[in-house]
Amino acid sequence: MDQASLLQYLITGLTVGATYGLTALGFTIIFNTTGIINFAQGEFVMLGGMMSVFFMHALGLPEPLAIVLAVAGTTLIGALVERLAIRPVRDCPAINLVIITIGVSILIRGAAMLLWGKDTFALPAFSGSAPIAFFGAALMPQTLWVLAISLLILAGLKMFFSRSIHGKAMLACSFDPKAAALVGIGVDRMVLLSFMISALVGAVGGAILAPITLTSFDVGVMLGLKGFAACILGGLGNPFGAAAGGLILGVLESLGAGFISSAYKDALAFVILLALLFVRPSGLFGQKDGKRV
Amino acid sequence: MSVGYRRDMRWLGGFLVVLLLAPPLLSNNYYLTVLTMCCLNAMTAVGLSLLVGHAGQISLGHAGFYGLGAYTTAALSTTLGVPVGLSMCAGVGVTSGVAALVGLPALKLKGHYLAMATLGFGVILSILFNETVEVTGGPSGFTGIPRLSLFGVEFSSDLSVYYLILAVLGLVVWLSFNILHSRVGRALRALHTSEKAAQAMGIDIARYKLFIFVVSAAFAGLAGVLYAHYLTFIAPASFGFLFSVQLIVMVVLGGMTSVPGTIAGAFFLTVLPEFLRAFENVEILLFGAILILCMMYLPDGLAGGSRRLGRLLWKKMVVRAAKDEADAEAGEGGNG
């Protein structure tokens with residue numbers, strides 16, 4: 001192998017990995033406040049991409065405005081999902097809530113198919129598609145956008161959780177909802193907020209990835225799977241782990257596709273994930289949880 | 001034998017009688033196909049409910065086991081010309097063996113990590129079904145699988161296959177009830193409640209978990225081999241991640257720990273899409289909505305829901321009887 005192609009695969013992997021990381025962050029935020037895995041997370045990513053395309057082509061809006069609207073729309077849908085399907089049955093066992101999110105994902109996918117059909121759509125790249133030469137590898141401008149926006153979101157979330165009162169309240173809920181309620185935190189509101197933030201982060205990921213990988217009504221399934229895998233790889237509940245897990249998964253896949261076979265790239269990523277889980281049963285950065293009997 | 005065991009056996013007897021009598025009542029062959037698919041899905045779901053509902057483990061890779069059984073018997077009987085009976089046994093054997101190999105390391109994982117490991121395993125299998133074109137026929141599927149024939153008897157009509165599959169389902173359910181009412185079943189429930197406490201009581205939790213994982217995979221493999229020889233055509237799309245999720249939904253919708261509930265969940269989720277087909281485009285939309293509503297309003301599944309309904313009706317009847325009696329007394333008092 002030569003260095004240029006290695007670099008090329010790394011760049012591709014990091015780009016895709018960044019969106020896996022964003023999806024994984026969405027999983028983590030909801031998991032931390034509710035203890036459930038939200039199977040509709042991939043659908044939020046799909047909605048980000050598909051709604052951007054819809055606002056741009058069907059309504060003729062300029063691209064930045066279309067994306068902002070798509071992200072806002074998805075955030076609203078996230079809020080609706082929590083209010084209508086999760087909050088009324090908040091006290092049910094976690095597995096029931098997980099099945100409800102599966103139902104939600106089927107519903108959203110069905111609605112998207114009904115509204116926009118089964119075609120594949122493309123979103124134009126944010127700033128042209130003339131590749132930039134970078135140490136012998138070709139760097140698409142969209143790659144820079146993806147990496148920059150992902151970093152921005154990460155930094156924003158970090159600030160939110162460590163500086164703002166709402167972020168701190170959400171963190172408190174993730175440690176112990178009962179204690180959080182006792183000090184006057186509205187746990188219900190925090191759960192609602194966590195669904196909105198997850199939907200927002202997912203939608204941004206979907207919108208910035210759409211120019212690279214195209215989008216259609218069913219991209220959410222695979223993206224959701226990858227996002228969940230990234231969470232587990234990094235250690236469930238750890239936002240830093242989720243982001244890192246996404247990047248690692250993306251790079252592994254890209255290297256696997258480049259050097260072994262593109263048909264088996266997903267299989268390779270999962271084989272490595274399994275091998276890692278067998279060695280480190282709580283992910284790379286996860287803490288071993290001691291449970292009292 | 002305990003009261004619970006006798007009650008379960010009575011239920012199984014009633015269930016089999018109803019399904020034995022069902023075919024003549026069905027107006028055409030299409031319904032028979034749906035009913036056969038219900039039985040196959042119920043077989044896999046019952047196995048999964050042992051693992052999920054009773055032992056408290058999870059598997060998001062059961063579609064992979066189902067497919068592994070189907071592809072093993074398909075490849076052996078069609079490509080290599082092995083007799084169908086033998087290839088079916090091999091299909092179940094291979095599935096169980098692979099489950100043991102995967103389960104050994106995977107079952108050390110807990111909760112979401114176990115879900116991920118089994119999910120990953122399922123995805124890997126599904127990619128293999130798609131990509132090893134020379135063995136599996138790839139995405140376009142495996143055609144020309146011989147029809148079922150066992151001990152020199154060929155099951156040529158759809159009705160005979162249905163009865164065979166029903167008999168196997170009966171056997172699977174009977175076995176499951178026996179496992180649940182035995183020492184193994186009690187051990188599984190103990191380790192579900194608390195692994196550490198179960199261990200302290202001297203239960204070899206690793207062995208029991210592996211045992212039930214292999215049994216549940218074997219049931220899935222069994223359903224898979226029957227499926228392959230019943231339809232004589234298989235394609236990887238039937239064995240993907242979404243089917244694994246659907247199987248879990250069947251178990252949860254059924255009420256987690258109830259075998260009859262799981263069977264009801266499997267029948268419901270298999271029949272529902274066929275029924276919704278009339279609505280064409282909004283089919284998926286309705287399916288999602290019904291799933292959400294069921295989980296919201298039947299938190300303890302179909303089994304719990306029917307129990308509650310029964311209790312409600314009983315209470316109503318008792319109240320009405322008491323009221324009638326009171327009215328009668330009042331009437332007599334008025335007359336006298």
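I began with a definition: a residue is buried if 20 or more other C-beta atoms lie within 10 Å of its own, exposed if 12 or fewer, and partly exposed in between, with C-beta atoms placed from the backbone. By that rule, buried residues make up 45% of the 336 residues in chain B.

**Entry 1: ground rules**

I noted that this is a predicted model, in which local features need pLDDT of at least 70, side-chain atom pairs count only at pLDDT 80 or more, and totals for chains, interfaces and linings use all residues. Residues are numbered from 1 along each chain as its sequence is written, while chains are lettered from A and ligands numbered from 1 in the order in which they are written.

**Entry 2: chain B as a whole**

I looked up the helices and strands of chain B and found 14 helices and two strands. Along the principal axes, the C-alpha atoms of chain B fill a box of roughly 90 × 55 × 45 Å.

The domain assignment of chain B gives domain 1 (3-299) and domain 2 (310-336). Such bounds come from an automatic or database domain assignment. Taken over C-alpha atoms, the centres of domain 1 and domain 2 of chain B are separated by 48 Å.

Next I turned to contacts, where two residues count if their C-beta atoms, placed from the backbone, lie within 7 Å. Of the contacts in chain B between residues at least 6 apart in sequence, 77% join residues at least 24 apart.

**Entry 3: B:Val225**

I picked B:Val225, which sits in helix α10 (residues 205-231) of chain B. Is B:Val225 buried or exposed? B:Val225 is buried, because 30 other C-beta atoms lie within 10 Å. Not counting residues up to four places away in sequence, B:Val225 touches B:Gly69, B:Ala70, B:Thr73, B:Met88, B:Gly91 and B:Val92. I also checked B:Leu68: its C-alpha atom is 8.6 Å from that of B:Val225, though the two are 157 residues apart along the chain.

**Entry 4: helix α12 and its partner**

Helix α12 of chain B has 18 residues and reaches 26 Å from its first C-alpha to its last, close to the 26 Å expected at 1.5 Å a residue. The expected span is 1.5 Å times one less than the number of residues. Its buried residues include B:Val259, B:Ile263, B:Phe267 and B:Leu269.

I then looked at how α12(B) (residues 259-276) meets α13(B) (residues 283-297): their axes come within 9 Å and cross at roughly 145°. Axes here are lines fitted to C-alpha atoms, for helices over the stretch in contact, and angles run from 0 to 180 degrees between N-to-C directions. The contact is made by B:Leu272, B:Pro273 and B:Leu276 of α12(B) with B:Glu283, B:Leu286, B:Phe287 and B:Ile290 of α13(B). I sorted these residues by class and got six nonpolar, no polar and one charged. For the classes, Ala, Val, Leu, Ile, Met, Phe, Trp, Tyr, Cys and Pro count as nonpolar, Asp, Glu, Lys and Arg as charged, and the others, Gly among them, as polar.

**Entry 5: helix α3 of chain A**

I checked the length of α3 (residues 63-86) of chain A: its 24 residues should span 34 Å at 1.5 Å a residue, and its end C-alpha atoms are 33 Å apart, which agrees. Among its buried residues are A:Ala66, A:Ile67, A:Val71 and A:Ile86. What do the buried residues of α3(A) pack against? They pack against α2 (41-57), α4 and α8 of chain A, together with α13 of chain B.

**Entry 6: where the chains meet**

I found 37 residues of chain A in contact with 32 residues of chain B. On the chain A side, α4 (94-116), α9 and α11 (265-279) each give two or more residues. Helix α4(A) gives the most, with 14 residues. By class, this side has 31 nonpolar, four polar and two charged residues.

**Entry 7: loop residues**

I looked up two residues with a positive phi. A:Leu214 has a phi of about 65° although it is not a glycine, and its place is the loop between α8 (187-213) and α9 (219-234) of chain A. A:Leu214 is partly exposed, because 15 other C-beta atoms lie within 10 Å. B:Met256 also has a positive phi of about 65° without being a glycine, and lies in the loop between α11 (241-254) and α12 of chain B. B:Met256 is buried, because 22 other C-beta atoms lie within 10 Å.

My last stop was A:Lys118, in the loop between α4 and β1 (132-134) of chain A. A:Lys118 counts as exposed because it has 9 C-beta neighbours inside 10 Å.

Technical notes:
Helix = DSSP H or I, 4+ residues; strand = E, 2+ residues; numbered from the N terminus.
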